[in-house]
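I opened this notebook to record what I looked up in the structure.

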Amino acid sequence: MRRCLLALLISQALWICFPSAAQTNPPASASAAASPPPPAHDTPLTEFPYTPGLDVSAMDATANPCEDFYQYSCGGWVENNPIPADQARWSVYGKLYQDNQRFLWGILDALSQKTEGNTANQQKIGDYFAACMNEAAVEQRGATPMQSVLGVIGAMQSKADLPTVLAKLHLSIADNGLYFGFGSDQDFSNSSNVIAFATGGGLSLPDRDYYTKMDAASRELRAKYLAHVARMFELMGEPPALARQHAITVLQTETTLARATLSVVDKRDPYKLFHKMDLIQLQALTPGFDWGVYLQTAGLADTKALNVTEPKFYQTLARYWKASSLDDIKVYLRWHVAHAQAASLSSAFVTENFNYFSKTLRGIPLQPPRWKRCVALVDAQLGEALGQEFVDRAFGPELKKQTLVMTEQIEQAMHDELQHLDWMSPATKIKATEKLKAIVNKIGYPDTWRDYSDVAIARDDFYGNVTRAMQFEVHRQLGKIGKPLDRGEWGMTPPTVNAYYSAQMNDINFPAGVLQPPLFDPKMDDAPGYGNTGGTIGHELIHGFDDEGRQFDAQGNLKNWWTPKDNTQFQQRAQCIVNQYAKYTVVDDIKINSKLTLGEDMADLGGMVLAWTAWKVQSTIVKPESRDGFTPEQRFFIGFAQWACENNRPEDMRVRAATDPHSPGKYRVNGVVVNLPEFGKTFACKPGAAMTSAKPCKVW
């Protein structure tokens, strides 16, 4: 139902989700306990504050670049940028995300106060924001808005009602925590077709391992989770003893489902997620659950083909349903409704939700101010209406042209790299080149803006706005099933500070939000610009040829186009990266799960190779100059490193170590340059220095 159901399994982004707290919950809770007044600088922006693409003040001149290039490039930034109290982590990306939020806040605040002359979309996003910011009205309604949904659960007479009830709940709150996820996506075997997808789900904690690991820290987190679920049941009106009993039921249910869920590493293998079935085959997996009723209720009675991403999960789910009482099923569903909708309810629910999923799990001391949560919600639910306003003010045609030119240069570098690879056969090179030429570059914003005319927004109904916007998106996604694929669609909104590659679309996407200083600085000379933005472009391009992306062909179909020998050669080179990153420590004694991060680590390394090659070609046209005491080559590498400057809370790092396919920023810098002989030459590093390697890893 939501993009994260499947697309993130086969699409690769440079970074993921800001703020970090949103990893476990819906983006930005919209209602909250009274927050302290914002700092004086926490005000709307009418224009962006400028930060240069290479910031000398962010460096640590006392560090030796050959021993720790990350410290050399980012030491000053790390020291001078403590983590804000409402963040799990703080980074160059995070700061730009907040600057974008403040800019969007200025847009929404103005539109929410304007009563005449707005377009239909301007009126919608302005009214949505006004309703969200009206905390008094939200508080007055308390948990009342949720009662109608809970009533659907309470009216169940037998387990035979479950297909009908689940379909209604999936349509109304779009949460794949309700036992499983159901949505649409491209057919792995024919990317031009959109089919139904039945995915795993049913969990509230970040990953299956949170339920199964038996170390002291994991047991403590589960105990606190149990207490949190009990408190949520109490907020729904249950006495403490019953609430505690019901919390145990929830944890037992989710633990059963967790044990049947694929690991995060297994989910990186598209073949393990592709099980195309007809309705008869799906029904055989869950004999006690009537899929015909479910699909009829969801308006999908004509569904013929489905991809069941985790068949064994559904078999476990069927056994659970058979063994469980109707009361236990109702308890589980009530919990997930409250959990999914806490952000839209009164401060008691929001605070309790924040205290566990943000404060306990990620170490965030303070709830973000209300304006941040409301801006993030508008972006999440009416993102292209808001994005159009953002683009009109912050992303002109010249920026789009500059980005496209650099992208084409990076692609030419990839083309040249392919032709000169000594480990790839001519047959595979032909297929790889065919795929490269077929990649579509999407820059800034979609060619056609989404139509939100069917979304009813009321200035005095925040909960209703959230619900109706969510239902609009659910129906939009389900409505794709059996229809021609829209290859112009974007998976991110224009203000997003991120970029991604989609294996099935075979496109790379750079929203306008990420093409702002310091990440993309048109005022800066080419060297740091190619190191930063060029590296990002190369990163996304390499995702088409990493351990996941390489399994899809030029049309986005899951198809093996590699010769056996070339496949072996790739695996051997990839293993070098796996072995390297497995030695790095994230926090405490937790090492990087380098099988999980392989695709991102490979993209970081290959992306920089391409950026360097493209810049060297460009430097023959525009002769680079030394600046700020650094050679052009040094500026290239410093520009590359400074996008990754960050500070992290240890709690958040533990969550990321288990769930995030990206390595920590330090290793996204040091882990790359150690494999680049050009870096060692640039900084005159001696053999044996920490940032050099006698046997560097190289795939692309």
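I looked up strand 9 (residues 507-511) and found five of its five residues buried, so the strand is largely enclosed by the rest of the structure. Buried here means under 20% relative accessible area with a 1.4 Å probe, protein chains only; strands are DSSP runs (E, at least two residues) and helices likewise (H or I, at least four), numbered from the N terminus.

I note that this is a predicted model, in which local features need pLDDT of at least 70, side-chain atom pairs count only at pLDDT 80 or more, and totals for chains, interfaces and linings use all residues. Residues are numbered from 1 along each chain as its sequence is written, and side-chain values use heavy atoms, without hydrogens and water.

In a regular strand the side chains alternate between the two faces of the sheet. I checked both faces of strand 9: Asp507, Asn509 and Pro511 are buried on one side, Ile508 and Phe510 on the other.

Next I looked up the partners; two strands pair if DSSP finds at least two bridges between them. Strand 7 (residues 440-444) runs parallel to strand 9, joined by five bridges, with valine 440 opposite aspartate 507. Strand 8 (residues 500-502) pairs with strand 9 in the antiparallel sense over three bridges, and tyrosine 500 has asparagine 509 as its bridge partner. Strands 8 and 9 form a hairpin with four residues between them, and asparagine 506 in the turn has a positive phi of about 50°.

Note on methods. Buried < 20%, exposed > 50% of the residue type's maximum accessible area, 1.4 Å probe, protein only.
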